[in-house]
Amino acid sequence: MLDQFSRTELLLGRMGMERLAAARVAVFGLGGVGGYTVEALARSGVGTLDLVDSDRISMTNLNRQILATHRTLDWFKADAAKERILEISPGTAVNSKKIFYGPDTAAEFDFSLYDYVVDAIDTVTGKLALIQQVQAAGTRIISCMGAGNKLDPTAFRVADIYETSVCPLARIMRKELKKRGVKHLKVVYSQEPPISPAGTLYQESLEEDVRRQVPGSNAFVPAVAGLILAGEVIRDLALEQKT
């Protein structure tokens with residue numbers, strides 16, 4: 001009998017679809033990258049999704065974020081993502097958490113509950129805390145490196161963090177993770193050198209009481225990064241590949 005996942009089952013098999021249906025995946029960060037990750041996970045049949053983001057949808061998100069429409073302006077991204085997922089796949093269990101993840105809120109999560117975690121957040125301190133906490137729980141994680149100031153969606157690669165190059169964020173993460181004794185981390189990163197923005201925009205930083213320059217972005221580069229993240233999670237879960 002046909003259902004909404006029948007064509008995915010042709011590729012992953014019945015057992016693969018059962019593994020996805022039984023899986024619980026947490027996505028941290030629901031912006032240009034994480035929104036597309038969530039979309040693909042929901043359309044692929046992941047049974048339970050935990051969505052973590054404290055931010056609201058703004059006008060400047062409309063150029064690239066799948067959750068951003070004029071109807072959803074000023075919605076919490078976690079709420080917009082939950083509504084969208086349930087419209088796509090009503091049988092998916094969705095837990096939305098309007099939390100800014102960082103060292104101060106890390107204790108609110110039990111990562112042993114998840115089968116996989118996706119790191120699509122954009123602060124170094126948050127990424128480091130998340131990676132360490134998830135790995136300490138013995139849970140799989142994949143992390144996205146920089147997707148801003150890029151124009152080439154074909155430049156993304158999947159690798160261990162210590163095999164990355166070019167990406168400035170990956171360089172910082174390699175250094176900081178090595179200090180913390182993290183030996184391996186699966187990441188999606190771009191080999192495209194960052195482009196210098198033609199102008200300057202600032203936003204208030206949630207991490208500290210300062211204004212920070214925001215990168216240029218577009219509709220296609222973050223989306224590709226998000227879909228690659230989702231593809232890795234889906235294959236690892238459905239085909240039982242260990243990372």
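This is a predicted model: local features need pLDDT of at least 70, side-chain atom pairs count only at pLDDT 80 or more; totals for chains, interfaces and linings use all residues.
Residues are numbered from 1 along each chain as its sequence is written, and side-chain values use heavy atoms, with hydrogens and water left out.

Which parts of α4 are hidden? Gly 126, Lys 127, Leu 128, Ala 129, Leu 130, Ile 131 and Val 134 are buried, meaning under 20% relative accessible area with a 1.4 Å probe, protein chains only. Their cover includes the strands β1 (24-28), β4 (116-119) and β5 (140-144), along with helix α5. Just after α4, Gly 138 takes a positive phi of about 80°.

Now look at how α4 (residues 124-136) sits against α5 (residues 168-179). Two packed helices are described by the angle between their axes and the distance between the axes. Here the angle is about 50° and the axes are 11 Å apart. Axes are lines fitted to C-alpha atoms, for helices over the stretch in contact, and angles run from 0 to 180 degrees between N-to-C directions. The pair is therefore oblique, a word for angles that are not under 35 degrees (roughly parallel), over 145 (roughly antiparallel) or 65 to 115 (roughly perpendicular). On the α4 side, Val 124, Lys 127, Leu 128 and Ile 131 meet Leu 169, Ile 172, Met 173, Glu 176 and Leu 177 of α5, with contact meaning heavy atoms within 4.5 Å. Seven of these residues are nonpolar, none is polar and two are charged. (Ala, Val, Leu, Ile, Met, Phe, Trp, Tyr, Cys and Pro count as nonpolar, Asp, Glu, Lys and Arg as charged, and the others, Gly among them, as polar.)

Next up is α6 (residues 221-238), where 14 of the 18 residues are buried. Helix α1 (residues 6-22) and α6 cross at roughly 105°, and their axes come within 8 Å. These two helices are therefore roughly perpendicular. Leu 12, Gly 16, Arg 19 and Leu 20 of α1 touch Ile 234, Leu 237 and Ala 238 of α6. Just after α6, Glu 240 has a positive phi of about 55°.

Notes
Helices (H or I, at least four residues) and strands (E, at least two) are DSSP runs, numbered from the N terminus. Buried means under 20% relative accessible area, exposed over 50%, partly exposed in between (1.4 Å probe, protein chains only).
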